[in-house]
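Here is a short walk through one protein chain. Keep the sequence and the 3D view side by side as you read.

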Amino acid sequence: MRALLFTSGSPFARAVRIILDEIGLNYERREEVTPPSLEQRAAATPTLQVPTFWDGELTLWESGTIAEYLLSTYPQRRAVEPALSPHAFRADALWQDKLTFSTIQTFGTAATTISQMKWVGVAIDQNAHLERSAQKLIHILDWLEGQLVDQKRGFQPGWLSMHDIFIAAHVRFVQARPLGIDLELNRFEKVAALLDRLDERESFKANPIWWWEPGVIGYEPDGTPVFSDKA
Ligand SMILES: N[C@@H](CCC(=O)N[C@@H](CS)C(=O)NCC(=O)O)C(=O)O
């Protein structure tokens with residue numbers, strides 16, 4: 001049995017879904033459109049977060065750990081250039097790759113914190129931590145821009161890396177939502193070029209990022225959210 005628990009809008013889960021697609025693995029999609037009960041979520045993971053992944057006897061959570069597992073366990077790749085990297089972290093750039101990936105995940109955490117707080121009625125300009133979180137996004141993008149070699153290559157030149165996939169999922173998540181954040185992508189030309197290239201890959205198109213907020217109970221075929229009458 002292979003299955004992925006995810007919410008429609010989660011950028012962390014979207015990145016994992018893209019990796020599954022790049023590898024060409026079939027899996028049961030346990031998609032949550034409306035929030036589950038605490039008990040249901042706790043049965044899947046102690047973090048109460050998605051994604052959670054099951055593969056045979058193994059249960060994994062934390063999107064980066066799931067991604068590492070997938071890259072190292074399944075060698076097959078889509079016949080697309082550049083191919084999905086065979087390694088999460090390059091042996092000859094181990095600490096650079098680990099640092100870059102952790103920093104990308106911090107971007108995702110800051111972005112989803114801002115988003116979650118918006119649902120409960122706290123906007124960025126009403127909370128000092130959220131203001132700092134929004135500033136963090138720009139600083140991280142600025143730093144990531146410096147890590148890329150040029151506008152044609154990703155974080156592991158010659159490969160599609162999990163770094164590329166996760167930063168694309170996180171940035172597009174922020175841009176798809178009315179969070180009041182301008183990521184100033186025109187200042188970060190290498191990052192912007194990478195994301196534009198990735199948007200064209202089949203695996204990205206097959207796993208679009210959809211808007212979600214309380215009250216959304218489904219989607220039109222083009223991704224337009226359908227709201228509950230009670231919302
Ligand atoms: N560090 C986690 C973050 C996952 C995460 O924040 N997931 C969000 C959805 S985007 C979630 O489940 N939020 C519910 C919660 O935090 O209670 C990972 O990489 O998997």
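Begin at Leu48, in the loop between H2 and E3. This is a predicted model, and Leu48 has a phi near 60° in it. That value is positive, in a residue other than glycine. Most residues other than glycine have a negative phi, and most peptide bonds are trans. Is Leu48 buried or exposed? Leu48 has 12 other C-beta atoms within 10 Å, so it counts as exposed.

A cis peptide bond joins Val50 to Pro51, with omega at about 10°. Pro82 sits in the loop between H3 and H4.

Now look at Glu184, in the loop between H6 and H7. Glu184 is not glycine, and its phi is positive, near 55°. It has 12 other C-beta atoms within 10 Å and is therefore exposed.

Next, the strands. E1 pairs with two partners. With strand E3 (residues 52–55), E1 runs antiparallel, joined by four bridges. Arg2 stands opposite Asp55 of E3. With strand E2 (residues 28–32), E1 runs parallel over five bridges. Here Thr7 faces Glu32 of E2. To get from E1 to E2, the chain passes through H1, and this β-α-β crossover is right-handed.

Another pairing involves strand E5 (residues 216–219) and strand E6 (residues 225–227). They are antiparallel and share three bridges. Gly218 has Val226 in E6 as its bridge partner. E5 and E6 form a hairpin, with five residues between them. In the turn, Gly223 has a positive phi of about 95°.

Step back to the whole chain. Which domains does the assignment give? There is domain 1 (2–82 + 208–223), and there is domain 2 (91–201). Their C-alpha centres lie 19 Å apart. Across the boundary, 16 residues of domain 1 are in contact with 18 residues of domain 2. On the domain 1 side, H1 and H3 are the elements that give two or more residues. H1 gives the most, with seven. That side of domain 1 divides into twelve nonpolar residues, one polar and three charged.

In soluble globular proteins, nonpolar side chains tend to be buried together. Here the largest nonpolar core has 51 residues. Those with the most contacts inside it are Ala15, Val16, Ile19, Ala67, Leu137, Met162 and Ile165. Several elements give two or more residues to this core, including strand E1 (2–7), helix H1 (11–23), helix H3 (63–73) and helix H4 (94–119). Which element gives the largest share? It is H6, with nine residues. Why does the core lie between the two domains? Domain 1 and domain 2 both give residues to the core, so it lies between them.

Finish at Met162. Which residues does Met162 touch, leaving aside its neighbours within four places in sequence? Beyond those neighbours, Met162 is in contact with Ile19, Ala67, Leu71, Ser85, Ala88 and Phe101. Ile19 and Ala67 are themselves among the residues with the most contacts inside the core.

Definitions and conventions:
Residues are numbered from 1 along each chain as its sequence is written. This is a predicted model: local features need pLDDT of at least 70, side-chain atom pairs count only at pLDDT 80 or more; totals for chains, interfaces and linings use all residues. A nonpolar core is a set of buried Ala, Val, Leu, Ile, Met, Phe, Trp, Tyr and Cys residues joined through C-beta atoms within 7 Å. A residue is buried if 20 or more other C-beta atoms lie within 10 Å of its own, exposed if 12 or fewer, and partly exposed in between; C-beta atoms are placed from the backbone. Domain bounds come from an automatic or database domain assignment. Two residues are in contact if their C-beta atoms, placed from the backbone, lie within 7 Å. Two strands pair if DSSP finds at least two bridges between them. A crossover is right-handed if, with the strands pointing away from the viewer, the path from the first strand over the helix to the second runs clockwise. Ala, Val, Leu, Ile, Met, Phe, Trp, Tyr, Cys and Pro count as nonpolar, Asp, Glu, Lys and Arg as charged, and the others, Gly among them, as polar.
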